[in-house]
Amino acid sequence: MTKKQKIVAIGGGTGLSRILRGLKKHPLDITAIVTVADDGGSSGMLRNELQIPPPGDIRNVLVALSDVEPMFEQLLQHRFRNGNGLSGHSLGNLLIAALTSITGDFVKGIAEMSRILNVNGNVLPAANQSIILGALMTDGTIVKGESTIRESNKKIKRVFLEPSNIAPLQESVEAIKQADLIVLGPGSLYTSVIPNILVPELAEEIKKAKAKKVYICNIMTEKGETDYFTAADHVKVLLDHVSSQFLDYILVNNKTINQDILENYAREEAEPVLCDSKRCEALGIQVISDDLVSYDHQVIRHNEKVVSDWLVKLLPPNN
């Protein structure tokens with residue numbers, strides 16, 4: 001019997017969830033390593049009140065990899081609009097918090113949620129504790145908190161974690177060592193992707209891993225994080241934070257986006273990420289460009305089928 005090939009996907013936010021929905025349709029052994037730096041919304045409230053890592057990004061990934069009825073998926077993503085103490089919370093976040101309380105451990109709570117949802121793969125937090133994301137801005141000021149960084153309206157020089165001595169889960173380390181392909185992104189560059197590779201041992205294991213590493217570039221820039229960034233700018237920031245050239249590929253969109261949708265994004269001061277292939281290649285990265293665009297109610301998403309098909313093509317031969 002042929003062994004399933006192993007893919008480790010690293011990131012957070014809706015971008016990672018989108019890619020995992022495509023990957024789970026292939027016969028793969030999937031491990032998702034998910035950021036725990038979120039401090040806004042329901043996740044931030046539960047983090048502060050219960051002293052647990054934020055569950056929001058974990059919830060999205062669990063739902064993406066789950067095998068449940070669409071209505072049950074909708075139930076997990078349901079966000080209460082009213083109710084003293086309930087308003088703003090999603091049911092999935094509350095369930096993860098409850099399972100953490102029952103099991104006495106965030107990782108065990110996620111494992112129980114995975115079992116209940118019949119999750120196709122392993123979902124691991126980047127660390128089994130809350131972390132604070134900080135940013136050093138180009139003007140020398142320091143801003144702390146993921147949501148605060150986005151709203152600061154300053155240009156980011158680099159981001160960092162507190163505490164600095166965070167240890168990854170041993171399961172994450174082993175998954176990276178055994179991976180056939182390691183995927184980073186898509187997602188907010190500074191606040192969803194990079195926090196994972198700032199966990200010291202995790203970064204070292206990614207650099208040492210025999211697997212090829214691919215970065216899935218965002219389709220649009222993001223105000224407050226990647227204003228005016230090209231594809232190569234994204235890559236350079238990743239390499240600067242790891243102090244090493246560890247990437248093999250970048251997957252980047254080359255499709256022109258509908259004008260009416262561009263106008264909507266322009267109101268949010270976002271624009272398409274330019275695929276500057278020569279600059280990427282000069283950084284030692286092989287460029288794969290394709291039509292990666294999918295539209296979801298005037299919102300641009302990555303086409304999960306196209307992206308997952310490319311990732312499968314990048315896997316080594318399964319001997």
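Buried means under 20% relative accessible area. All views show a predicted model.

**View 1. Asn60 in helix H3.** Asn60 sits in helix H3, residues 56-65. Its relative accessibility is 15%, so Asn60 counts as buried. Beyond its neighbours within four places in sequence, Asn60 is in contact with Ser17 and Gln77.

**View 2. Helix H9 against helix H11.** The axes of H9 (residues 189-197) and H11 (residues 231-242) come within 10 Å and cross at roughly 35°. The crossing is right-handed. From H9, Leu189, Tyr190, Val193, Ile194 and Ile197 meet His234, Val237, Leu238, His241 and Val242 of H11. By class, this contact has eight nonpolar, two polar and no charged residues. H9 is mostly covered, with nine of its nine residues buried. Among them are Thr191, Ser192, Pro195 and Asn196.

**View 3. The Glu304 and Arg18 salt bridge.** The side chains of Glu304 and Arg18 meet at 3.7 Å, N to O. Glu304 lies in helix H14 (residues 304-314) and Arg18 in helix H1 (residues 13-23), so the pair ties together parts 286 residues apart in sequence. Glu304 is buried, at 16% relative accessible area. Arg18, Lys25 and Glu304 are linked in a network of salt bridges.

View 4. Lys207 and Glu204 pair through their side chains at 3.0 Å, N to O. Both lie in H10 (residues 200-208), three residues apart, about one turn of the helix. Lys207 is partly exposed at 26% relative accessibility. Glu204 is partly exposed at 40%.

**View 5. The Asp276 and Arg279 salt bridge.** The side chains of Asp276 and Arg279 meet at 3.1 Å, N to O. Asp276 is buried, with a relative accessible area of 12%. Arg279 is partly exposed, at 39%.

Notes. Residues are numbered from 1 along each chain as its sequence is written. This is a predicted model: local features need pLDDT of at least 70, side-chain atom pairs count only at pLDDT 80 or more; totals for chains, interfaces and linings use all residues. Side-chain values use heavy atoms; hydrogens and water are left out. Helices (H or I, at least four residues) and strands (E, at least two) are DSSP runs, numbered from the N terminus. Buried means under 20% relative accessible area, exposed over 50%, partly exposed in between (1.4 Å probe, protein chains only). Contact means heavy atoms within 4.5 Å. Axes are lines fitted to C-alpha atoms, for helices over the stretch in contact, and angles run from 0 to 180 degrees between N-to-C directions. A crossing is left-handed if the near helix is turned anticlockwise from the far one by less than a right angle, and right-handed if clockwise. Ala, Val, Leu, Ile, Met, Phe, Trp, Tyr, Cys and Pro count as nonpolar, Asp, Glu, Lys and Arg as charged, and the others, Gly among them, as polar. A salt bridge is a side-chain nitrogen of Lys or Arg within 4 Å of a carboxyl oxygen of Asp or Glu.
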